[in-house]
Amino acid sequence: MPRLLFVCLGNICRSSAAEEIMRVRAAAAGLEVGCDSAGLIDYHEGELSDPRMRRCAASRGYRLTHRSRPFRRSDFDAFDCIIAMDDSIERSLLSQARTAKDEEKIMHVRELLPHSRAALVPDPYYGDAAAFEYAVDLIEEACDELIARIKEKG
């Protein structure tokens, strides 16, 4: 069972949504995956996802119950793949990697968006409802691609 960690800045929008979206879509595809999410900062530690993201996700059938937690270096040991939601997240994760093996576990979400012009999942926190919808659109696309890759590996 692959163990996946999605990482964004505060773990209340993009990564918490990605965790649940991946879990639901993988189960629907007949795959068992271990999913979690984290943020680079601990400002929102213990909080549920942003209410706007919870509403957007709920409108598509996802129930976000994750409570924010900060990324820990020990996550490199606990997960097979760590997905960064944008460039700054990827840079930060790479700077925290202890070994080349840790670095190899880091994947930028752009690698999972081959059919999109998007190069990242933009943070919707300061945006309107459309920004949250767009983020979820991209997260669903990225999760579907990740599921296809997992199935391909067998």
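**Close-up views of a predicted model**

R14 is buried, at a relative accessible area of 2% (buried means under 20%, exposed over 50%, partly exposed in between, with a 1.4 Å probe and protein chains only). This is a predicted model, in which local features need pLDDT of at least 70 and side-chain atom pairs count only at pLDDT 80 or more, while totals for chains, interfaces and linings use all residues. Residues are numbered from 1 along each chain as its sequence is written, and side-chain values use heavy atoms, with hydrogens and water left out.

**View A. R14 and D123 meet in a salt bridge.** Their side chains come to 3.9 Å, N to O; a salt bridge is a side-chain nitrogen of Lys or Arg within 4 Å of a carboxyl oxygen of Asp or Glu. The pair links distant parts of the chain, 109 residues apart: R14 belongs to helix α1, and D123 to the loop between β4 (106-108) and α6 (129-153). Helices (H or I, at least four residues) and strands (E, at least two) are DSSP runs, numbered from the N terminus. D123 is partly exposed, with a relative accessible area of 38%.

**View B. Strand β1 has two parallel partners, β2 and β3.** Five of the six residues in β1 (residues 3-8) are buried. From β1 the chain crosses through helix α1 (residues 14-28) to β2, a right-handed β-α-β crossover; right-handed means that, with the strands pointing away from the viewer, the path from the first strand over the helix to the second runs clockwise. Two strands pair if DSSP finds at least two bridges between them.

**View C. D36 and R69 form a salt bridge between buried residues.** Here the N to O distance is 3.2 Å. D36 sits in strand β2 and R69 in the loop between α2 and α3 (75-78), 33 residues apart.

**View D. R52 reaches D50 in another salt bridge.** Their closest N and O atoms are 2.9 Å apart. R52 counts as partly exposed because its relative accessibility is 28%, whereas D50, at 7%, counts as buried. Elsewhere, salt bridges that share partners join R25, R60, E133, D137, E140 and D144 into one network. The count comes to 18 salt bridges.
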